[in-house]
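Let's walk through this structure together, starting with a pair of helices and then moving on to its charged contacts. Keep the 3D view open as you read.

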Amino acid sequence: HEVTALDQEGRSCLGIMQPTANGEGNVGEGRDLFVFANVARDNAELSEQVDRRPISEEEATFSRHFSCAARCKSESSREVDDTLLYLGKLVGVACRHGLPLDLPLPLGTVWKQLAREGSVNMKDALREIDILAFKQAGNWGNDASDELLSQTKMLNYFAEGMALTLPIELLSLFGGEQLREIVCGNPEIDVELLQRVVEYEGYTGDEEVIGYFWETLREMTTSERKLFLQFVWARNRLPMKESGFDAPFKIQKDAKSADDGDYPLPSASTCFFSLSLPEYPSKEVLREKLLFAIENVTTMESDYVTNDAELGEGWQPINN
């Protein structure tokens, strides 16, 4: 997933989202979650963060939710804010089209805030992303740390982007967990759900190779199942229920025979959510071929297309 991709030093490749402090330190809960990237702020911005003059509760609420649009910003922070706005647009479009996204954002600082849940405990929200800061919080009650304030302000841009493609005022009809399910789908690849929406072409479903396939899929790790789903559907999340599928999952029989005992790899058509599966003689062979295919594919079928003749001829120069 490009948004959460990290470089070799563990930093965000795109500078949009970064692992939580819990994830970086491998402690506490929510280690697989990401927060909005907290870029370095200039002196004007930092002076705002340490300004602790007494203000009313109404002014504090206004500051938490709207002051990001009025503060002085450095060029780097402005770029992140604009990018979050664009990310919000993309999320809104995906949600309108029923495309679940692998967007591991915290429940307390993002989804409950978007749903405008009135009972969000900010200390619990802090514990979800930074257990050390939570333990150091002392008797803060529900007061937010600088990190939570920063996350809330950046959330405004993300929400503004969503509002350009979704009626965001309706999000309050859902709870935070419900909203996360609507946008992100099921974080686990439910094999039983996938099996309920499958259709067979060339197979009846009773063949041994079909049994080998489902057994292999159940034995895969979550990351391997996500690779498989990316391979056959160009997605890594399933809908929450059967009605969320706009097309069935198809398993087609691949008629190619073994060449000197070496069976061909399975292939997929992401546009049609289909898998072409040769009739492998054993579960071990199927597992080996399937894992090799899903771990080594690098492009979608429409990005680079070759046929058997082109592979045989090799690279051909373009004649003007």
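Which residues in α11 meet residues in α13? On the α11 side they are Val-209, Tyr-212, Phe-213, Glu-215, Thr-216 and Glu-219, and in α13 they meet Lys-283, Leu-286, Arg-287 and Leu-290; contact here means heavy atoms within 4.5 Å. By class, this contact has 5 nonpolar, 1 polar and 4 charged residues. Ala, Val, Leu, Ile, Met, Phe, Trp, Tyr, Cys and Pro count as nonpolar, Asp, Glu, Lys and Arg as charged, and the others, Gly among them, as polar.

Before going further, a word on the source: this is a predicted model, in which local features need pLDDT of at least 70 and side-chain atom pairs count only at pLDDT 80 or more, while totals for chains, interfaces and linings use all residues. Residues are numbered from 1 along each chain as its sequence is written, and side-chain values use heavy atoms, with hydrogens and water left out.

Back to the helices. The axes of α11 and α13 (residues 283-296) are 9 Å apart and meet at an angle of about 55°; axes are lines fitted to C-alpha atoms, for helices over the stretch in contact, and angles run from 0 to 180 degrees between N-to-C directions. The two helices are therefore oblique to each other, since angles under 35 degrees count as roughly parallel, over 145 as roughly antiparallel, 65 to 115 as roughly perpendicular and the rest as oblique. Helices are DSSP runs (H or I, at least four residues), as are strands (E, at least two), numbered from the N terminus.

Now for the charges. The whole structure holds 11 salt bridges, each a side-chain nitrogen of Lys or Arg within 4 Å of a carboxyl oxygen of Asp or Glu. In one of them, Lys-226 pairs with Asp-102, with the closest N and O atoms 3.4 Å apart. Lys-226 sits in helix α12 (residues 222-233) and Asp-102 in the loop between α4 and α5, so this pair ties together parts 124 residues apart in sequence. Arg-237 also forms a salt bridge with Asp-102, at 2.8 Å between the closest N and O atoms. Together, Asp-102, Lys-226 and Arg-237 are linked in a network of salt bridges.

Are Asp-102 and Arg-237 buried or exposed? Asp-102 is buried, at 12% relative accessible area, and Arg-237 is buried too, at 6%. Buried means under 20%, exposed over 50% and partly exposed in between (1.4 Å probe, protein chains only).
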